[in-house]
Amino acid sequence: MTPRDVLKLAKEQGVKMVDLRFMDFPGLWQHFSVPVSMLDESNFEDGYGFDGSSIRGWQPIHASDMLVIPDPATAKIDPFFKEPTLVLICDIADPVTREPYSRDPRYIAKKAETYLKSSGIGDTAYIGPEAEFFVFDDIRFESKSNTAFYKIDSIEGVWNTARDEGPNLGYKPRYKEGYFPVPPMDKFQDLRTEMVLVLQSLGIEIEAQHHEVATAGQCEIDMRFKPLLQMADQLMWFKYVLKNVAIRNNHTVTFMPKPLFEDNGSGMHTHISIWKEGQPLFAGDKYAGISQMGLYAIGGILKHARAICAFSNPTTNSYKRLVPGFEAPVNLAYSSRNRSAAIRIPMYSASPKAKRIEFRTPDPSCNGYLSFAACLMAVIDGIENKIDPGDPLDKDIYGLPPEELAQIPSAPGSLEEALRALMEDKAFLLKGDVFTEDAIEMWIDYKTKREVNPVKLRPHPHEFALYYDI
């Protein structure tokens with residue numbers, strides 16, 4: 001879509017406002033709106049000014065002026081606003097030099113796609129994320145110097161089997177038994193369908209929707225794979241749509257990886273494949289029908305997985321899910337059908353076009369632009385350097401004897417550990433200036449000061465249960 005096409009769309013749809021959206025560094029959509037009279041073709045080059053110092057992880061106050069430059073290819077009509085509103089996803093630029101901003105996550109994703117093409121390996125990286133989420137009915141939390149608590153509630157919560165609901169009609173999924181009972185056990189079929197229909201109205205292709213394993217409304221909606229940047233944009237729409245559909249139905253959605261104790265967390269298994277001139281490059285005659293290039297790609301992800309986790313599992317809560325011996329794939333191995341491996345080669349279809357690798361460690365708290373870009377850079381590094389992934393692991397990893405399990409590398413055990421791995425293993429990300437030193441340093445600094453240290457400094461409520469009477 002060209003700028004002229006966007007203006008035509010705005011006129012046809014009776015648009016009153018234009019909503020300009022962009023990513024902050026940690027991964028939340030930001031926006032401001034202008035009347036449609038303030039949009040013309042020149043704005044797609046000149047952009048709009050805003051205060052970059054107020055955005056998390058961005059500019060200092062003495063150099064705060066920044067530009068948002070709308071990308072006409074992203075134009076969509078918002079499905080929730082009262083007045084007809086055109087949404088444009090924007091890139092960020094310096095108003096003096098007009099150079100793209102090095103800390104703009106979308107720019108990093110763009111550079112990753114450009115680097116793939118320049119490498120000669122392929123021309124398109126397809127990404128297919130499976131973002132799991134929870135639907136809750138009530139969430140309350142507080143964190144102060146003298147108190148800290150959270151309280152979650154859900155009509156599906158198994159802890160509510162004895163609650164007086166006037167009347168309580170039962171049918172609440174037991175822990176780890178939410179995959180796939182029909183209604184009335186599954187109480188969110190209609191809600192997920194509403195979410196799917198809104199996503200489809202925005203041109204986002206959906207493959208399936210279903211309840212997930214956990215009690216209390218864990219769900220999944222799967223988008224069809226798309227090129228990296230397009231999928232990162234879609235992931236932002238995906239989160240936006242799900243949250244807003246939930247709110248208008250008096251529910252709340254969270255992509256927090258591990259909100260519940262004693263039940264499954266939410267992952268975001270990320271499917272990756274590389275194509276060239278319309279042909280898939282990961283299909284071949286090696287293990288599980290994958291090509292040698294595909295095996296090298298696996299080798300790259302396994303080699304750099306601990307550093308990738310700083311972007312793909314970027315919260316302290318992520319590592320409540322990534323705990324050895326439980327449901328999450330923390331062991332850095334690969335397999336064709338073994339879901340306890342960090343990388344799986346799906347075997348649903350014999351079609352070469354379906355052949356891809358599935359990185360199962362990531363979770364949906366991530367900034368998709370950064371996570372997908374980091375995964376692609378690891379894949380490229382593996383292919384360029386012919387990194388051997390070793391032998392596949394087709395055993396039940398959790399059933400291995402301790403001495404054999406000790407030989408399998410593991411994902412980081414904390415965000416602090418992942419950030420340290422990123423600090424030590426970042427050269428593959430710096431190729432082609434995809435990630436800059438400045439962006440990586442700011443990511444580590446921001447995460448350490450704003451998330452790691454504040455969590456480390458606070459007493460945990462369970463510590464009172466363990467130690468108050470010591």
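## A loop residue to start with

Let's begin with N317. Leaving out residues up to four places away in sequence, N317 touches M256, P257, K258 and P259. You'll find N317 in the loop between α6 (292-312) and α7 (318-321). Keep in mind that this is a predicted model.

Is N317 buried or exposed? With a relative accessible area of 14%, N317 is buried, because the cut-off for buried is under 20%. Look across to S414 as well: that residue is 97 residues away from N317 along the chain, yet the C-alpha atoms of the two are separated by 8.7 Å.

## The nonpolar core

Now for the inside. The largest nonpolar core has 124 residues, and L86, L242, I357 and F435 are the ones with the most contacts inside it. Helix α5 (residues 228-248) supplies the largest share of this core, with 13 residues.

Which residues does F435 touch? Not counting residues up to four places away in sequence, they are I108, F311, L370, A373, A374, L429, L430 and I440.

## A buried serine

S335 sits in strand β16 (residues 331-335). Its relative accessibility is 1%, so S335 counts as buried.

F141 counts as exposed because its relative accessibility is 64%, and the cut-off for exposed is over 50%.

## Close to the start of the numbering

P3 is in helix α1 (residues 3-12). At 22% relative accessibility, P3 counts as partly exposed. Setting aside neighbours within four places in sequence, P3 is in contact with E41, F44 and P72.

For a sense of distance, compare P3 with M231. These two are 228 residues apart along the chain, and their C-alpha atoms are separated by 22 Å.

Most residues other than glycine have a negative phi, and most peptide bonds are trans. Where does this model have a cis peptide bond? One runs from Y179 to F180, with omega near 10°, and another runs from P183 to P184, also with omega near 10°. F180 lies in the loop between β9 (148-153) and α4 (189-201), and P184 is found in the loop between β9 and α4 too.

That loop between β9 and α4 also holds K176. K176 isn't a glycine, but it has a positive phi of about 65°. At 42% relative accessibility, K176 counts as partly exposed.

N250 is another residue other than glycine with a positive phi, near 65°. You'll spot N250 in the loop between α5 and β13 (252-254). Is N250 buried or exposed? N250 counts as exposed, because its relative accessibility is 67%.

Terms used: Residues are numbered from 1 along each chain as its sequence is written. This is a predicted model: local features need pLDDT of at least 70, side-chain atom pairs count only at pLDDT 80 or more; totals for chains, interfaces and linings use all residues. Side-chain values use heavy atoms; hydrogens and water are left out. A nonpolar core is a set of buried Ala, Val, Leu, Ile, Met, Phe, Trp, Tyr and Cys residues joined through side-chain atoms within 4.5 Å. Buried means under 20% relative accessible area, exposed over 50%, partly exposed in between (1.4 Å probe, protein chains only). Helices (H or I, at least four residues) and strands (E, at least two) are DSSP runs, numbered from the N terminus. Contact means heavy atoms within 4.5 Å.
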